[in-house]
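Here is a short report for a first look at this structure.

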Amino acid sequence: MFRLDHNALQNRLMWGIKALALLVILSATSCAHTIGTALCRSGEACTYDPAIGYRFHPEWKPDRQTLTMVTLSGGGTRAAALAYGALSALANLPADQTRTGSLLDGVDMMSSVSGGSVTAAWYALHGPAGFSAPADAPLRAALTGNGTLALALRTYNPLALAAYAITPYQRSDVLASYFDQLLFHGATFADVEARYRANPQTQGFVVLNASDLGHETRFPFIQNRFDWLCSDLAPVRLADGVAASADFPFAFSAVGLRNRSPCAAQRLPSWAEEGPPAWLQRYARFDLATSARPDAEARLPGTGELRGLREARIAESYLVPVAGDRVLHLLDGGLVDNLGIQSVLDLEDTPGAEPGLDRRIGESRPAAYANIRHLLFVVVNARTKDPTGIDSSVYPPDELSTALRVVDTPLSNAVLETQTLLSAELQVATGVAPRLAGSATPAGSATPSRADLVTVDFEFIPDAVCRKWFWSQPTSWNLPPATVQALIAMGRTLVLLSPGLREYLKVVGAPAPPPADFSTACASAWK
């Protein structure tokens, strides 16, 4: 028989009161505001041009031989600071023989979620120059500030609580406004696109990823995906994309994004010929409503078609929404993929081409990828060790702790599996592993000669004390400045000491990285 634990009972009662208060606040909210504008504005001629908008343009670097991809994980300030250190290391390393400048200058695509999206968005707006002094001062200040306290004061003050009840202003707007005031100052995706177009040789394409709750899938902030909603990404604030990507459940409300499909732009010849229908037609035999169904060709999908068919069905759910499905609700991108890898594997460039990295570098290739002989992936993974403490009491965990673990458990378990998927895909892309039936490489097509994977992960810290200290850093927006500096130093160190990086530099004939050790990065842990 259990002895009554008065402290535990009191704690449970306090959590119950807090949960009740939060329920009262949330139940009083009115309609929330949504981001995004229509692709066709009132009073303007409606057009669809697949060359316009923030899209990946591999043809701007046609002579490169290495396709360089960077993915940045979630994890609050811990992830943002580790990503900052990794990117600053790339900024001080030489590119391959076919490029001038640094490895960071040579990045083709950067995909991020949650905390990593703060650093990725800074890169999208400022480029490689944003990671050297004094240009990096605002980012450093943001990482070392007490974001948790600032957000709490903004979110739960009386004026904010009243605004939730009588205006469209919601808790997700608090998060977006915080990032905007601190780092982005009203910048939109039009500004990001302008920088990408103006610096095609040194600026990578950035994908900020959120999770679409209603459709149970990732949602990348790129114009290709906004096409499916008949919406224009250009006027959306960069801070709104970051907020959607970092919008942790329970702490903040979902970001709303209105679906305006179907619309006039999607009835134009340019849409049918150069837009998504150009590749969706391949899956029309599987009863997609977006195209006429050729019954005579109807059949079951092959194993190698399942992934593409899933993407097609997701596109269909946006293009032909069911009744009542008019607003997307976006939360933390880590709920679907906490490494940001899926948006790289499901790479999208021209909207008329089917998504998929393997369709660019494995099968008969588009001209923009013809010279690619090398894949370089840099995966920054700020995961921590499995948490403890929930089993310390004989009483069941409180409702809030249970809810948080319901979110954390699948998120934590999926991280390494996603990274394993990337390794398997790279083996297939380079011809090391066989392809699935239905996706065989045609005879005579080129494949990359090799792929190198640079993994930034605390598991690679050799000293157990230091490794345990980094694992213990919480997922929050408030870490001590010394901890932030240690995370930045560790990000640099893990890149410089990566076997994958050293192999890559050796193969492409670039100088070896400078000497490095863990002493600076581990100094705080050893105190």
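Which cysteine forms a disulfide with cysteine 466? Cysteine 522 does, with the sulfur atoms 2.0 Å apart. A disulfide here is a pair of cysteine sulfur atoms within 2.5 Å. Cysteine 466 sits in helix 17 (residues 464-471) and cysteine 522 in helix 20 (residues 519-526), 56 residues apart. Helices (H or I, at least four residues) and strands (E, at least two) are DSSP runs, numbered from the N terminus.

This is a predicted model: local features need pLDDT of at least 70, side-chain atom pairs count only at pLDDT 80 or more, and totals for chains, interfaces and linings use all residues. Residues are numbered from 1 along each chain as its sequence is written, and side-chain values use heavy atoms, without hydrogens and water.

The whole structure holds two disulfides.

| Disulfide | S to S | Angle about the S-S bond | Hand |
|---|---|---|---|
| Cysteine 230 and cysteine 263 | 1.8 Å | 85 degrees | right-handed |
| Cysteine 466 and cysteine 522 | 2.0 Å | -85 degrees | left-handed |

Cysteine 230 lies in the loop between helix 9 (223-228) and strand 7 (231-232), and cysteine 263 in the loop between strand 8 (255-258) and helix 11 (269-274), so their link ties together parts 33 residues apart in sequence. Cysteine 466 is buried at 0%. Cysteine 522 is also buried at 0%.

Methionine 490 touches both cysteine 466 and cysteine 522 (contact: heavy atoms within 4.5 Å). Its other contacts include Leu82 and Phe458, not counting residues up to four places away in sequence.

Terms used: Buried < 20%, exposed > 50% of the residue type's maximum accessible area, 1.4 Å probe, protein only.
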